[in-house]
Amino acid sequence: MVELKNVSVTYSSGVDALNNVSLRINDGDFAFVVGSSGAGKSTMIKLLLKEIDATSGVVTVNGYNLSKLKKRKIPEFRRTLGFVFQDFRLIPSMTVYENIAFVLRVIDAPIKYIRKRVPYVISLVGLHAKTNSYPDELSGGEKQRVAIARALVNDPQLIIADEPTGNIDPELSYEIVELLKGINDQGTTILMVTHEHDLVRHFGGRIINITDGEIVFDEVILGTSDELAAETIPDMSIETSVEEKTVNEVPSDTGSGFVSGLSQGEEAALLSSGEDIDMSIDDMTPDDVIAAITGDERSGGV
Ligand code: ADP
């Protein structure tokens with residue numbers, strides 16, 4: 001759970017990076033945070049990791065009140081988080097297995113547990129065949145999967161992904177978000193910072209827009225993938241949904257057999273149910289909404 005109550009951050013230079021921001025992300029939620037460069041996204045992430053403190057207001061993450069958190073308690077707090085960086089930050093001299101096992105070793109997890117848990121998370125991200133590869137033998141998408149497995153291995157309550165698709169091929173970006181969505185379906189809260197509007201438009205869900213240090217938009221929108229699923233409600237078959245996706249040039253899922261822990265049919269049914277969709281703005285197309293929240297002309301403007 002993440003809660004910001006009237007949070008402001010003013011850097012010593014006098015820049016007001018966040019201005020009276022209030023926000024709540026409940027356990028099990030998935031939220032995209034969008035906003036242009038300099039809007040305050042990194043400042044918010046640094047707050048959530050307790051790299052910096054709020055100038056005023058209260059930040060609570062996973063039950064820890066960060067303004068009151070003692071220095072010696074910070075490592076304990078951070079163990080409740082997983083973090084995925086834009087530039088992967090894998091250790092080049094370690095294999096995939098070692099990069100992930102390392103996280104458990106530093107917290108003195110029992111060897112027996114490490115030997116079970118690491119192969120498990122590697123298979124969740126579909127990289128079993130690359131267990132003994134080194135980072136420079138992997139594609140960008142594969143490196144990010146390793147980073148996601150590393151974030152996941154400690155079974156965190158919350159994963160913060162900061163532009164996780166920023167350094168990988170656009171077509172693979174969908175797979176990375178699918179993977180994060182699958183992890184979210186298993187109960188992990190996910191906060192993903194991105195400025196890739198196509199991704200947000202495709203997946204929909206909760207979108208929080210920060211502009212000039214303020215939250216100017218916080219709504220759940222219907223993604224284009226949800227719309228496709230909704231159109232096929234009456235007699236949706238797996239074939240139909242796959243065909244529709246192909247027509248829309250949406251890349252396939254991870255191919256790892258793990259997306260959400262649900263079968264494809266169950267997943268499609270869940271999407272088509274329109275659960276968690278705020279219908280109050282459903283007369284806007286995703287393009288309208290993205291344009292409204294980002295002011296991005298490429299999105300068509302409003
Ligand atoms: P974003 O991640 O959305 O690009 P940031 O949170 O990095 O935005 O920046 C928000 C504002 O705070 C910007 O005006 C930026 O120049 C300023 N800023 C960021 N970090 C610092 C810092 N360490 N010292 C002073 N100003 C900063």
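User: Which residues does Lys 50 touch, not counting residues up to four places away in sequence?

Analyst: First, the general idea. Two residues are in contact if their C-beta atoms, placed from the backbone, lie within 7 Å. In this case, Lys 50 touches Leu 66, Leu 69, Ile 74 and Phe 77. The C-alpha atoms of Lys 50 and Leu 66 are separated by 6.6 Å. Along the chain these two are 16 residues apart.

User: What kind of model is this, and how are residues numbered?

Analyst: This is a predicted model, where local features need pLDDT of at least 70, side-chain atom pairs count only at pLDDT 80 or more, and totals for chains, interfaces and linings use all residues. Residues are numbered from 1 along each chain as its sequence is written.

User: Where is the place of Lys 50?

Analyst: Lys 50 sits in the loop between α1 and β4 (56-61). Helices (H or I, at least four residues) and strands (E, at least two) are DSSP runs, numbered from the N terminus. The protein chain has eleven helices and ten strands.

User: Is Lys 50 buried, exposed or partly exposed?

Analyst: Count the other C-beta atoms within 10 Å of the residue's own, with C-beta atoms placed from the backbone. A residue with 20 or more is buried, one with 12 or fewer is exposed, and one in between is partly exposed. Lys 50 has 19 other C-beta atoms within 10 Å, so Lys 50 is partly exposed. In the protein chain, buried residues make up 38% of the 302 residues.

User: What share of contacts join residues at least 24 apart?

Analyst: Take contacts in the protein chain between residues at least 6 apart in sequence. Of these, 69% join residues at least 24 apart.

User: Which residues surround the ligand?

Analyst: A residue is near a molecule or strand if its C-beta atom, placed from the backbone, lies within 6 Å of it. Here the ligand is surrounded by Tyr 11, Ser 13, Val 15, Ala 17, Gly 35, Ser 37, Gly 38, Ala 39, Gly 40, Lys 41, Ser 42 and Thr 43. Helix α1 (residues 41-48) gives the most to this shell, with three residues.

User: How do the residues of that shell divide by class?

Analyst: Ala, Val, Leu, Ile, Met, Phe, Trp, Tyr, Cys and Pro count as nonpolar. Asp, Glu, Lys and Arg count as charged, and the others, Gly among them, as polar. The shell around the ligand has four nonpolar, seven polar and one charged.

User: At what angle do α3 and α4 cross?

Analyst: Axes are lines fitted to C-alpha atoms, for helices over the stretch in contact, and angles run from 0 to 180 degrees between N-to-C directions. Angles under 35 degrees count as roughly parallel, over 145 as roughly antiparallel, 65 to 115 as roughly perpendicular and the rest as oblique. The axes of helix α3 (residues 96-106) and helix α4 (residues 111-124) come within 10 Å and cross at roughly 130°. The two are therefore oblique to each other.

User: Is the crossing of α3 and α4 left-handed or right-handed?

Analyst: A crossing is left-handed if the near helix is turned anticlockwise from the far one by less than a right angle, and right-handed if clockwise. The crossing of α3 and α4 is right-handed. The residues of this contact divide into nine nonpolar, no polar and two charged.

User: How do α3 and α5 meet?

Analyst: The axes of α3 and helix α5 (residues 140-152) come within 8 Å and cross at roughly 25°. α3 and α5 are therefore roughly parallel to each other. On the α3 side are Val 96, Asn 99, Ile 100 and Val 103. They meet Val 146, Ala 149 and Arg 150 in α5.

User: Why does Ile 100 count as buried?

Analyst: Ile 100 counts as buried because there are 29 C-beta neighbours inside 10 Å. Ile 100 lies in helix α3. What covers the buried residues of α3 includes α4 and α5. Beyond four places in sequence, Ile 100 touches residues including Val 118, Val 121 and Val 146.

User: How do α5 and α6 pack?

Analyst: α5 and helix α6 (residues 170-185) pack at an angle of about 15°, with their axes 10 Å apart. α5 and α6 are therefore roughly parallel to each other. Their crossing is right-handed. By class, the contact has seven nonpolar, two polar and two charged residues.
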